[in-house]
Amino acid sequence: MNNFKKILSNLLLLSVFFVSSQKNQSNRLGDTVSDTIPYLKKQGTATQLIVKNKPYLILGGELGNSTFTSLENMVTVWPKLKAMNLNTILAPVFWELIESEEGNFDFRLLDDLLFEARNNNFKIVLLWFGSWKNSMSSHAPAWVKINQKKYPRARDKNGTSQEILSPFSENNLQADRLAFKTLMQHLRDVDGKEQTVIMVQPENEIGMLPSARDYSLMANKKYNSKVPVEFINYITENKKILVPEFYEVWSRNGFRTNGTWEEIFGVGEHTSEIFMAWYFAKYTQEVIAAGKSVYPLPMFVNAALNAKGKQPGEYPSAGPLPHLMDVWKAAAPSIDFLSPDFYNSDFKYWNDLYVRQGNPLFIPEHKFDNTVAGKAAYAIGHYQAMGFSPFSIESSEDPINEPLGKIYNLMYQLTPLITKYQGLNRMDGVLLDKENAGSIVSLGNYEFTFNHSYKLGWEAEAENETWDMAGAIIIQSGNKEFYVAGNGVYVTFKNIKDPNLKVGILKVDEGIFENKKWKVIRHLNGDQTHQGRHLRIFKENYKIQRLELYDYE
């Protein structure tokens with residue numbers, strides 16, 4: 001009996017040692033999942049990203065596609081990102097690298113990224129380059145690419161194979177779905193506690209080129225079949241809120257609810273695009289649902305915007321574009337929102353289209369040019385966006401003086417106020433240039449007229465043929481108290497509740513937030529407010545000013 005107790009005692013000690021040893025040898029990135037993973041939450045008209053139980057504002061930048069292919073490449077990148085005041089990086093993970101041999105997964109490069117991002121105090125939005133990246137299937141593994149019989153391609157009108165995996169192939173879907181699910185399971189295992197990755201973008205800029213749709217045998221069979229009842233039910237139930245572009249197409253044939261794609265939507269490339277969007281979205285739905293089944297992080301899809309006047313196929317047809325919003329929502333309910341990628345100048349136009357039907361705005365990719373600073377402030381202030389991210393962020397040659405970094409510094413300081421008032425009609429933003437030199441904002445009892453500071457004529461650049469873009473955000477923190485942050489603006493005021501009252505400046509203080517507390521740097525009066533006529537921040541200045549108004553007869 002004593003020997004049995006001794007053996008049992010030794011076994012217990014051995015098991016304790018084994019468990020302790022396993023913990024010490026566990027992945028350096030962690031092996032548990034926090035009770036609450038990142039999720040989306042509605043606040044008023046806004047949607048907030050919640051991380052570690054707190055609203056999170058993405059001050060982001062997307063890495064060039066091949067930047068993180070080794071730790072050595074990132075040595076000079078991390079300091080640049082810090083100098084520009086980023087808190088989040090958008091970074092791709094390549095299917096071809098994590099599953100170079102079918103069924104054998106290698107996450108070492110991803111783990112390095114997580115570890116280094118955490119050490120440098122960055123969060124990550126992970127971009128899954130799976131079946132499609134910029135329409136093409138360039139990041140599919142070699143074993144997929146070379147076995148066209150098993151993993152078939154889309155074909156154009158002439159029957160020519162394209163560098164695009166067909167969404168009509170079950171083999172293509174199963175391979176991508178397994179890889180993505182395995183990726184999300186790995187993320188859960190190694191990052192569930194720390195939550196370095198806060199959102200995921202499955203696929204990238206899905207779209208069909210150079211034809212509006214796939215003309216493979218499988219695709220043609222589907223095209224000539226009846227429109228799925230699931231889609232008909234959705235558009236019928238949501239008829240009153242369909243986006244106008246889609247509503248108009250459906251209305252041409254009398255809102256038919258039974259028939260083939262051409263019988264319901266008519267003959268033309270527009271129908272080919274709707275058809276293709278449905279099956280791209282159904283494929284993406286399956287991939288996302290598999291990933292969320294093991295680790296349900298927020299997930300979104302992005303689109304390459306269609307140029308005005310271009311036809312489907314001349315731009316990446318059938319992606320998650322605004323005129324196809326209803327198709328994507330019907331086919332892929334697991335997608336949390338749709339996002340635009342910007343390489344054109346119609347910033348307001350496209351954002352206005354994307355925020356319809358309550359779709360939250362997040363801009364995961366914007367050309368890294370001299371407009372991004374103003375646009376970041378405008379997107380966060382006016383559209384209540386959950387974040388902003390220029391592409392190839394590491395390409396800056398002078399990150400310490402980058403205008404985006406200066407705006408991000410202001411947004412970082414204001415984050416507690418921004419997240420407090422998002423969606424509650426207490427915040428707005430403006431975006432100004434020479435063609436759009438003024439903008440009016442109403443908050444509470446007051447109307448604010450924002451003008452580009454060059455209109456004053458006091459800055460030498462006012463004589464230039466074109467004006468640098470300026471942007472600002474305004475937040476109402478009290479009945480008569482407001483914070484204005486940005487650059488290149490001057491602001492005047494009037495009382496819209498009682499137009500008989502005049503409005504004056506009671507106080508303007510320039511300051512900073514330190515540890516979430518307001519610290520006055522300068523009290524502004526006299527020349528700094530044009531003797532009480534306006535609040536002003538010159539173009540080369542990136543400041544926060546606290547404004548108090550008063551009314552008088």
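1. Leucine 506 counts as exposed because its relative accessibility is 53%, where the cut-off for that class is over 50%. In this predicted model, leucine 506 belongs to strand β20 (residues 502-514), and together with Tyr550 and Tyr552 it makes a nonpolar surface patch of about 290 Å².

2. The aromatic pairs number 39. One of them joins phenylalanine 94 and phenylalanine 129, which count as stacked because their planes lie at 15°, with the ring centres 5.8 Å apart. The two residues are 35 residues apart in the chain, phenylalanine 94 being in strand β5 (residues 88-94) and phenylalanine 129 in strand β6 (residues 123-133). Phenylalanine 94 is buried at 9% relative accessibility, and phenylalanine 129 is buried at 0%.

3. Phenylalanine 105 and phenylalanine 107 are also stacked, with ring centres 6.0 Å apart and planes at 5°; here phenylalanine 105 is partly exposed at 26% relative accessibility, whereas phenylalanine 107 is buried at 10%.

4. One aromatic cluster includes Tyr223, Trp261 and Trp278. The ring of tyrosine 223 also has the charged end of arginine 213 over it, 4.0 Å from the ring centre, while lysine 239 lies over the face of phenylalanine 255, 3.8 Å from the centre of that ring.

5. In helix α15 (residues 372-382), 10 of the 11 residues are buried, among them Lys375 and Tyr378; glutamine 384, which follows α15, has a positive phi near 55°.

6. Strands β7 (residues 153-155) and β8 (residues 161-165) pair in the antiparallel sense over two bridges, and arginine 155 has serine 161 as its bridge partner. Five residues lie between the strands of this hairpin, in which glycine 159 takes a positive phi near 85°.

Definitions and conventions:
Residues are numbered from 1 along each chain as its sequence is written. This is a predicted model: local features need pLDDT of at least 70, side-chain atom pairs count only at pLDDT 80 or more; totals for chains, interfaces and linings use all residues. Side-chain values use heavy atoms; hydrogens and water are left out. Two strands pair if DSSP finds at least two bridges between them. Helices (H or I, at least four residues) and strands (E, at least two) are DSSP runs, numbered from the N terminus. Buried means under 20% relative accessible area, exposed over 50%, partly exposed in between (1.4 Å probe, protein chains only). Patches are made of residues with over 30% relative accessible area and no salt bridge: like charges are joined within 9 Å, nonpolar side chains (Val, Leu, Ile, Met, Phe, Trp, Tyr) within 5 Å. Accessible areas come from the Shrake-Rupley method with a 1.4 Å probe; for residues, only the protein chains shown count as cover. A salt bridge is a side-chain nitrogen of Lys or Arg within 4 Å of a carboxyl oxygen of Asp or Glu. Rings of Phe, Tyr and Trp (its six-membered ring) pair if their centres lie within 6.5 Å; planes under 30 degrees apart count as stacked, over 60 as edge-to-face and the rest as tilted. A charge sits over a ring if NZ of Lys or CZ of Arg is within 6 Å of the ring centre and within 35 degrees of the ring normal.
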